Amino acid sequence: MTVQSLTLVQPDDWHLHLRDGSVLSRTVQDSARQFGRAIIMPNLTPPVTTTAMAREYKARLDAQNTSLQALMTLYLTDHTSAEDIRQAHASGIVLAAKLYPAGATTNSAAGVTAMEKVYEAIATMEAIGMPLLLHGEITHDNVDIFDREKGFIDTQLIPLLDRFPGLRLVFEHITTQQAAEFVQQAGANVGATITPQHLMYNRNHLLVGGIKPHLYCLPVLKRNIHQQALQDAVASGNPRFFLGTDSAPHALGAKQSACGCAGCYSSPAAIELYAQTFEELGILDKLEAFASFNGANFYGLPYNKKTITLVREDWQIPHSLDYAGDIIIPLAAGETLRWKQKV
Ligand code: DOR
Ligand code: ZN
């Protein structure tokens with residue numbers, strides 16, 4: 001008999017962009033409907049580079065009065081010092097630091113230009129056990145966009161872990177077989193987040209029959225063997241893979257443009273998208289650990305006390321949503337999902 005309802009310990013989103021200002025009423029609520037906690041990405045303009053900025057940003061998130069617990073991150077720059085890291089850690093509100101290679105993605109211009117620049121900060125993180133969250137792509141003009149994650153592993157990540165073997169590290173939004181294998185072969189100090197879009201789609205979905213700007217994100221969708229490797233990684237039940245949506249809202253006009261922004265807005269239906277994907281892969285029994293336990297274990301946090309229930313019920317993801325007076329197109333807009341969260 002097919003399962004008709006699914007009750008999970010409330011999941012967390014270990015990689016989330018909420019932005020700032022008037023859109024927070026949309027973004028925070030969409031996540032709070034499903035998730036207990038979320039790791040909040042710091043790539044605002046200007047980026048969240050100090051503990052004081054993280055504290056102010058958290059206050060703006062908390063002012064939305066939802067149940068979502070915002071776990072803050074610090075944006076690393078060439079100038080982040082050991083003291084900046086110690087202060088962030090001591091604050092109790094900043095859980096991790098995010099490293100964007102300069103120029104890799106949205107609002108990464110102030111990111112790190114060379115790994116050596118942040119050795120001191122990273123040495124401190126290793127010593128105090130603060131996780132480093134990595135956007136793992138190299139950015140040289142001469143490196144093909146589809147090879148940038150693999151290039152990062154070979155030229156940056158392997159030497160980084162050789163130098164800092166005890167560093168707690170999350171390889172964010174992995175997209176390739178090489179990344180999945182890297183994490184599988186690494187120690188317990190290395191984890192990875194996997195987005196719904198990288199499990200659901202490959203680059204054919206993005207490019208065949210016309211460009212789909214709403215499937216454009218970074219790291220970009222790869223060929224199907226990589227999608228398959230990510231599916232195999234979640235199917236393996238390895239506890240170091242966990243849910244991170246990388247939900248990254250951009251208004252319609254910024255996506256459907258001659259130079260469209262990267263990011264998929266998956267928050268409105270994230271857990272249902274994962275549930276549908278896991279069911280199609282025949283691994284629905286692996287969903288709860290991936291969504292609700294593995295990330296918490298990695299970060300050393302307790303499981304959420306609440307539960308959420310998904311019921312088997314067809315519903316359509318809206319074609320568009322209001323975005324503070326603008327329009328936003330959610331991931332899989334207009335598609336029918338078979339699982340719906342009970343409210
Ligand atoms: O697609 C993406 N969008 N990837 C990122 O790394 C950043 C994000 C954003 O902030 O829009
Ligand atoms: Zn992101």
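The shell around ligand 1 is made up of four nonpolar, eight polar and two charged residues (Ala, Val, Leu, Ile, Met, Phe, Trp, Tyr, Cys and Pro count as nonpolar, Asp, Glu, Lys and Arg as charged, and the others, Gly among them, as polar). This is a predicted model, where local features need pLDDT of at least 70, side-chain atom pairs count only at pLDDT 80 or more, and totals for chains, interfaces and linings use all residues. Residues are numbered from 1 along each chain as its sequence is written, chains are lettered from A and ligands numbered from 1 in the order written, and side-chain values use heavy atoms, with hydrogens and water left out.

In total, 14 residues surround ligand 1, and Arg19, Asn43, Thr105, Leu218 and His250 are the closest (a residue counts if one of its heavy atoms lies within 4 Å). As for polar contacts (pairs of N or O atoms within 3.5 Å), side-chain N or O atoms of arginine 19 and histidine 250 each sit 2.8 Å from an oxygen atom of ligand 1. Ligand 1 taken alone exposes 290 Å², and the protein buries 100% of that (Shrake-Rupley method, 1.4 Å probe).

Then there's the metal. His15 (NE2), His17 (NE2) and Asp246 (OD) coordinate the zinc ion (ligand 2) at 2.0 to 2.1 Å (donors are N, O and S atoms within 2.8 Å of the metal, or 3.2 Å for Na, K and Ca; water is not among the atoms, so sites may look incomplete). Along the chain, the donors follow the spacing H-x1-H-x228-D.

Note on methods. A polar contact is a pair of N or O atoms within 3.5 Å; within protein, one must be able to donate a hydrogen and the other to accept it, and residues adjacent in sequence count only if both atoms are side-chain atoms.
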